[in-house]
Amino acid sequence: MAAASSDSKTPFSLDSYHVSEELGFILPEPLEELPPYYQPWMDIALQVPEAVHSHKLRSLINEMPLLSSQFLQRHRELRLAHLALSVMTMGYVWQEGENDTVEMLPRTLAVPYWEVSQRLGLPPVLTHADAVLANWRKKDPEGNLELLVSLPGGDSVRGFFMVTLLVELAAVPALRSIPIVINGVRCGDTDAVTKALEEISQSIQEMTETLKMMQEYVEPSVFYGIMRIYLSGWKDNPSMPKGLVYEGVQTEPIECSGGSAAQSSLLHCFDELLGVKHETKSGAFLTRMRDYMPPAHKQLIRDISLQPSLRNFVQQQANEQLSQAFQQCVTRLLALRSYHISVVCRFITVPAARARQLRNQSRDSEGEMVSRAPTALEERGTGGSGIMTFLKTVRDQTRDTFLTETSKEMKHHS
């Protein structure tokens, strides 16, 4: 796949990386139905929130027939199957909260889920590629969107996944500009690189503006108190310290991280292009998150990293417009990461403090949604990272990417 793209004789292109010209990393026109043989999966997947609420999901899945995955032929069929099996798995594991988890996923779910995951090159857990990139459909001719499947949390779940999808959409012009930058650096075309960097910079700003919609469409107490556990995995999670056994696959437990913004390929691409260098611990987490991406997208990130250094090119050219365009890209990426920290503060840190306060006061807090949240996740992202430390480290590494003079100024003002 696209091994030739690091060969400077062949122009760099997005063609072989499953990247859409109009939608970027988003899966174009996801299927809404599987072949009739798989109707038992879809019947359960479509009622996960209600079945969790009535405490019936586990019994529904335990009684489900064992279906072969061999009749799934096309990529879109496999993606919908993975999405459906993923939401069923998250609901099954977390139906009773953090204190009554399961040690084993039943064979009827585990075996086909493992097979579909292997064919797609994705792990057997709900990922960003499932819940966001492949979980949408047009509701009407006006282009309004809705989710294919959902999790407990009502409108806030829809808001969370839809706003994240719109952030991916806002990044499309930036993605389209990456090959222009790479090819421009290769052949020394300063003007082309400058214009493409200006396009990327604008697109990153649009991503930040779009992310601000979270405040409008997601209720922090619902996100923290209800939704988060269903996005959590079974790696670095005290609620499931041993991981999860996939019955009929292997007897040893498997550890999988939960959903994380770090599973979006977007910022990985920008980091590799701009030359952002992450320190050991945060870098290791980000690299591990690439295993939760579709393989073609992971390959794109790797191939961008193999290209001649854009940052070195900018420094060597000593062209004021080019330098400004580069600095602006880093500035906008820094602003996006800083805003993401404020989002995490609003949706995790503040509700976590409220939940602790209620616990310490030993008040009857049945009416307080935040008090339902798993205590094990208080300071962690659903991907398993110690979230604030991680995000601030990544932001600081982004700041270090500025060209030397600006870097000194930024450190002086921070």
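**Core, helices and selected loop residues of a predicted model**

The largest nonpolar core has 131 residues, and those with the most contacts inside it are L151, L197, W234 and L310. A nonpolar core is here a set of buried Ala, Val, Leu, Ile, Met, Phe, Trp, Tyr and Cys residues joined through side-chain atoms within 4.5 Å; buried means under 20% relative accessible area, exposed over 50%, and partly exposed in between (1.4 Å probe, protein chains only). Helix α16 (residues 320–360) gives this core its largest share, 16 residues.

The structure is a predicted model, in which local features need pLDDT of at least 70 and side-chain atom pairs count only at pLDDT 80 or more, whereas totals for chains, interfaces and linings use all residues. Residues are numbered from 1 along each chain as its sequence is written, and side-chain values use heavy atoms, with hydrogens and water left out.

The chain contains 18 helices and four strands. Helices (H or I, at least four residues) and strands (E, at least two) are DSSP runs, numbered from the N terminus. For 414 residues, a compact globule would have a radius of gyration near 22 Å, and the value for the chain, 22 Å, agrees with this. The radius is taken over C-alpha atoms, and the globule rule is 2.2 Å times the number of residues to the power 0.38. Along the principal axes, the C-alpha atoms fill a box of roughly 65 × 55 × 45 Å.

Of the 414 residues, 55% are buried. The chain exposes about 18300 Å², of which carbon and sulfur atoms supply 49%; accessible areas come from the Shrake-Rupley method with a 1.4 Å probe, and for residues only the protein chains shown count as cover. Contact means heavy atoms within 4.5 Å. Among contacts between residues at least 6 apart in sequence, 78% join residues at least 24 apart.

Helix α12 (residues 265–274) is largely enclosed by the rest of the structure, because eight of its ten residues are buried. These are S265, L266, H268, C269, F270, D271, L273 and L274. The helix α12 is followed by G275, which has a positive phi near 85 degrees.

Positive phi values also occur in residues other than glycine. D236, in the loop between α11 (220–230) and β4 (245–246), has a phi near 55 degrees. With a relative accessibility of 40%, D236 counts as partly exposed. A318 lies in the loop between α15 (310–317) and α16, and its phi is about 50 degrees. A318 counts as exposed, at 64% relative accessibility.

L72 is placed in the loop between α3 (57–62) and α4 (75–94) and is buried, with a relative accessible area of 0%. Apart from neighbours within four places in sequence, L72 is in contact with L34, P35, Y38, W41, E77, L78, A81, V116 and R119. R372 is in the loop between α16 and α17 (387–399). With neighbours within four places in sequence set aside, R372 is in contact with G225 and I226. R372 and E33 are 339 residues apart along the chain, and their C-alpha atoms are separated by 34 Å.
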